[in-house]
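The sequence and structure come first.

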Protein chains: 2
Amino acid sequence: MDNWDEVRTAFQVARLGTVSGAAEVLGVHHATVIRHIDALEGKLGVKLFQRHARGYTATEAGNDLLLVAQTTDDQFAQLSGRLKGRGASVTGELVVTSLATFSPMLAPVLAAFREEHPELTVRYLTGDRLFRLEYGEAHVAIRAGAAPDQPDNVVQPFVRQGLALYAADFYKERHGLPKDESEFKDHFFVGHDQETRAPFNMWLRDHVPMENIVYRTADNRSNEDGVVAGAGIGFLPVKVAERYSNLTMVTPPRPEWSAPLWLVTHVDLHRTAKVQSFLAFLKEAAKSWEA
Amino acid sequence: MDNWDEVRTAFQVARLGTVSGAAEVLGVHHATVIRHIDALEGKLGVKLFQRHARGYTATEAGNDLLLVAQTTDDQFAQLSGRLKGRGASVTGELVVTSLATFSPMLAPVLAAFREEHPELTVRYLTGDRLFRLEYGEAHVAIRAGAAPDQPDNVVQPFVRQGLALYAADFYKERHGLPKDESEFKDHFFVGHDQETRAPFNMWLRDHVPMENIVYRTADNRSNEDGVVAGAGIGFLPVKVAERYSNLTMVTPPRPEWSAPLWLVTHVDLHRTAKVQSFLAFLKEAAKSWEA
DNA sequence: CCTCTCATGTGAAGATTTGCACATGAGGCT
DNA sequence: AGCCTCATGTGCAAATCTTCACATGAGAGG
């Protein structure tokens, strides 16, 4: 039975009792209906209808088909309703991925967004590896660095994360604070162990002697912990620093420190209401993050 | 959702994960599959799949469709099996109709046929009105008289019912029996009240004075009762008379008394195994009925 | 690193399906 | 009785759908 449209045609004929009626409901010519029935009966080797001048009456076989196809029709109608609604509304899952660094900023936004859409389940994925949008692993990704140029991805500029230099109370009490850049050579810093392409990191290497970077870490989270613990002066996102009461801003944010962030979605999902709605919400919330 | 074939295509893509695989299973070109998916997504306004170089992965919507279409596929497969089997085997209902007269002859045949086909339900319809084959009211009809010529009906000659003149013991004791036709004028007869087209009835009117037909009835059954009760000599089918022990055959059957019987089926059902099987069975059983 | 394979995607030609026009026949209504 | 309506059925032209051929890109494996 490899032609579901013919089954659908037969279903309408069985339901309505006439070829003409079925043709009108289906929006096709009645000749098409007749041919569908003939083809289906031929393939099945069973008469589904008895033809007479007043229409088609279903045989036992036809009635059997009617019952099965009726449930199919109902289920497809329900499915169609669900799917269309899903396209226009914000339900189901929303999968967001980013570097773990952004978790503190993102978590409140995600929570608030979910609050607005009770039928939504939020999955927030962070991890070492990059989750791949093209395999459906996530709907929205927040990426840092150069603009990604994956062909199937829709990339749009997001905010530039405001970065500033901070020192913890513990450090301030022991070493004081530099008045300006000229005194940096007399202070200790927290920085990344490897050379990275992050602008603030490159700036640090340019303006601070390597030997003054005494606490070096392999990831952003450890870097943050080092600054908070008072191991040295270091870069932190303003939004992250605000969460600690023991930090003093050494130098205000500068645009050249901040790397651009990108919002990335897969083409196929970018136009859905769910994704669009979330992107709008996210951009609104991110206005306070600006550098 | 008015294109079940596209749903079926999407189902296979969701199941197999690739357009090419689905195309092979469906027996169509992969371009066709792509266009079906595009059309379906366009009509639903939802992306069902995320496209990437290694294939199509189903979105939430796609997975939803997969579940629904899977059950549909199963049910259609089951239906197809039932229907194909039904065409080749003898199951379900067999609806037979005839004049009530033939009930005594038909009942044993129907019972034996049903015994051979345990999955069969027999419906035997007799009644005043003629049941109409073209509306699916019956599969097989046994008709008497001139050959019916309904266009959609398949008519084939059946047996000629053997008819003979009988007298009951009660009549014989009181009036004796006629030696031959010449003595008919001295006997009393049971016959039909109205003029009918039945050959034996016309023969009776030609060879017996009207005043000797003293017991006149409106239907065959009453006619039979009259003869059995000894109201007069009368025509009975040989097969019917055999069921009574108190009847004596006055005159053996003659071909000119018997009306031809016809087996009628509707074109659409005539070629089915069920009908063919029954017709063969019936003809075999009817060999003993011959005039 | 390069090639080989297998996947999707697209424009044009070809084949099947569809629609149209008309024929036919059965009921229903006046 | 006779017309009118509504049903199915069929040949032929048109439109749609499918196929073909080819392009493109991503992995796998040496």
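## Hairpin of chain B

Strand E1 (residues 49-52) of chain B pairs with E2(B) in the antiparallel sense over four bridges. Helices (H or I, at least four residues) and strands (E, at least two) are DSSP runs, numbered from the N terminus, and two strands pair if DSSP finds at least two bridges between them. Two residues lie between E1(B) and E2(B), which form a hairpin. Within this pairing, Gly55(B) in E2(B) is the residue opposite His52(B).

## Basis of the model

The model is predicted: local features need pLDDT of at least 70, side-chain atom pairs count only at pLDDT 80 or more, and totals for chains, interfaces and linings use all residues. Residues are numbered from 1 along each chain as its sequence is written, while chains are lettered from A and ligands numbered from 1 in the order in which they are written.

## Sheet of chain B

Chain B holds an open sheet of five strands with mixed pairing, in the order E4-E3-E5-E12-E6. Strand E4 (120-125) and strand E6 (153-160) of chain B are at the edges with a single partner strand each, so one side of each has no neighbour in the sheet. On average, neighbouring strands of this sheet are turned by 20 degrees against each other, direction ignored; axes are lines fitted to C-alpha atoms, for helices over the stretch in contact, and angles run from 0 to 180 degrees between N-to-C directions.

Strand E3 (residues 92-98) of chain B runs parallel to E4(B), joined by six bridges. Val95(B) has Arg123(B) in E4(B) as its bridge partner. Helix H5 (residues 103-116) of chain B packs on the sheet and touches E3 and E4 of chain B, with its direction at about 165 degrees to that of E4(B). Contact requires C-beta atoms, placed from the backbone, within 7 Å.

## Helix H2 of chain A

In helix H2 (residues 19-26) of chain A, the buried residues are Val19(A), Ala22(A), Ala23(A) and Leu26(A). They line one face of the helix, because they fall within an arc of 100 degrees seen down the axis of H2(A). A residue is buried if 20 or more other C-beta atoms, placed from the backbone, lie within 10 Å of its own; the arc is that of the directions from the helix axis to the C-beta atoms. Their cover includes helix H1 (4-16), helix H3 (30-44) and strand E2 (55-58) of chain A.

## Contact between the chains

Chain A and chain B each give 41 residues to the contact. On the side of chain A that touches chain B, H4(A) gives the most, with 16 residues. This side divides into 14 nonpolar, 14 polar and 13 charged residues. Ala, Val, Leu, Ile, Met, Phe, Trp, Tyr, Cys and Pro count as nonpolar, Asp, Glu, Lys and Arg as charged, and the others, Gly among them, as polar.

## Surfaces near the DNA strands

DNA strand C is surrounded by 17 residues, of which Val28(A), Ala53(A), Val19(B), Ser20(B) and Arg51(B) are the closest. A residue is near a strand if its C-beta atom, placed from the backbone, lies within 6 Å of it. The surface near DNA strand C has eight nonpolar, six polar and three charged residues.

Around DNA strand D there are 17 residues, with Val19(A), Val28(B), His29(B), Ala31(B) and Ala53(B) nearest. H2, H3 and E2 of chain A and H3 of chain B each give two or more residues to this surface.

Methods:
Buried ≥ 20, exposed ≤ 12 C-beta atoms within 10 Å, placed from the backbone. Contact = placed C-beta atoms within 7 Å.
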